[in-house]
Amino acid sequence: MEIMDLSAVMRTTGAVREYTDDPLPDELLERILDNARFAPSGGNRQGTHVVVVRDPQTRDRLAELAIPAARRYIAQLRNGEGPWNPLQPCGVDAQAIAAVEVPPGSPLRDAPVVLVVCVDLAVVAAFDQDLDRIGVIAGASVYPFVWNILLAARNEGYGGVLTTAAVAEEPRVKDLLGIPDTYAIAALLPLGKPVRQLTKLTRKPVAEIATRERFDGEPFGA
């Protein structure tokens, strides 16, 4: 296996939603997970669990469970809103949302495998649980692992995309896959061989995302 330069992997791991018919063999997927498992987690408690879903009917059901959230997402976009934004309540009524047509294609259906990544809430330290906002800190114990999976897949010539729409229907997803109540679903990752391999991504420069000493400080740059 040819090893890519780390900076090249980081700069070219984009969201891959279209896949060829190439399979992703179990041996290769195990190698991806074997590398990804070294991601950090709170207290090194390693409370992540991956459900590897290959069955087409199950993947089709996961795609169906993502549709309600996708309907609201599209409806809010059309209404000029930030979809599912925690600070801005939805201004589109339920009837309008239900009438939205969602495109039939879905990476959850098209990819040869979908990884459902869960985290055991019994072993995370959610330091922001008493703040008056949406909690994000518990994600520190799972999302480094999720991103490691995508980086490891890119290194192998494969790709995927971090999807979360189906999590809006988490109880149904848990019932479908037998996920215990104490676990939260963090991401659904369809993985496969990309139709097009990305070689360049567009992102904001460092000076736009980093400041010196304070949030309103001078832009950071050498």
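Student: Is Val167 buried, partly exposed or exposed?
Tutor: This is a predicted model, in which local features need pLDDT of at least 70 and side-chain atom pairs count only at pLDDT 80 or more, while totals for chains, interfaces and linings use all residues. Residues are numbered from 1 along each chain as its sequence is written, and side-chain values use heavy atoms, with hydrogens and water left out. Buried means under 20% relative accessible area, exposed over 50% and partly exposed in between, with a 1.4 Å probe and protein chains only. Because its relative accessibility is 22%, Val167 counts as partly exposed.

Student: Which residues does Val167 touch, not counting those up to four places away in sequence?
Tutor: Val167 sits in the loop between β3 (159-160) and α8, where helices (H or I, at least four residues) and strands (E, at least two) are DSSP runs numbered from the N terminus. Contact means heavy atoms within 4.5 Å. With residues up to four places away in sequence set aside, Val167 touches Ile185 and Leu188.

Student: How many nonpolar, polar and charged residues does the contact of α2 with α7 have?
Tutor: From α2, Ile32, Leu33, Asn35 and Ala36 meet Phe145, Asn148, Ile149, Ala152 and Ala153 of α7. Ala, Val, Leu, Ile, Met, Phe, Trp, Tyr, Cys and Pro count as nonpolar, Asp, Glu, Lys and Arg as charged, and the others, Gly among them, as polar. By class, the contact of α2 with α7 has 7 nonpolar, 2 polar and no charged residues.

Student: Why do the buried residues of α2 line one face of the helix, and which exposed residues does the face turned away carry?
Tutor: Leu28, Leu29, Ile32, Leu33 and Ala36 are the buried residues of α2. Seen down the axis, they fall within an arc of 135°, the arc being that of the directions from the helix axis to the C-beta atoms, so they line one face of α2. Their cover includes β1, β2, α7 and β4. The face of α2 turned away from this buried side carries the exposed residues Glu27 and Glu30.

Student: Which residues are exposed on the other side of α3?
Tutor: In α3 (residues 56-65), Thr58, Arg59, Leu62, Ala63 and Leu65 are buried. These cover an arc of only 160° around the axis, which puts them on the same side of α3. On the other side of α3, the exposed residues are Pro56 and Gln57.

Student: What value is phi of Glu213 near?
Tutor: Most residues other than glycine have a negative phi. Glu213, in the segment after α9 (206-209), is exposed, with a relative accessible area of 81%. Its phi is positive in a residue other than glycine, near 70°.
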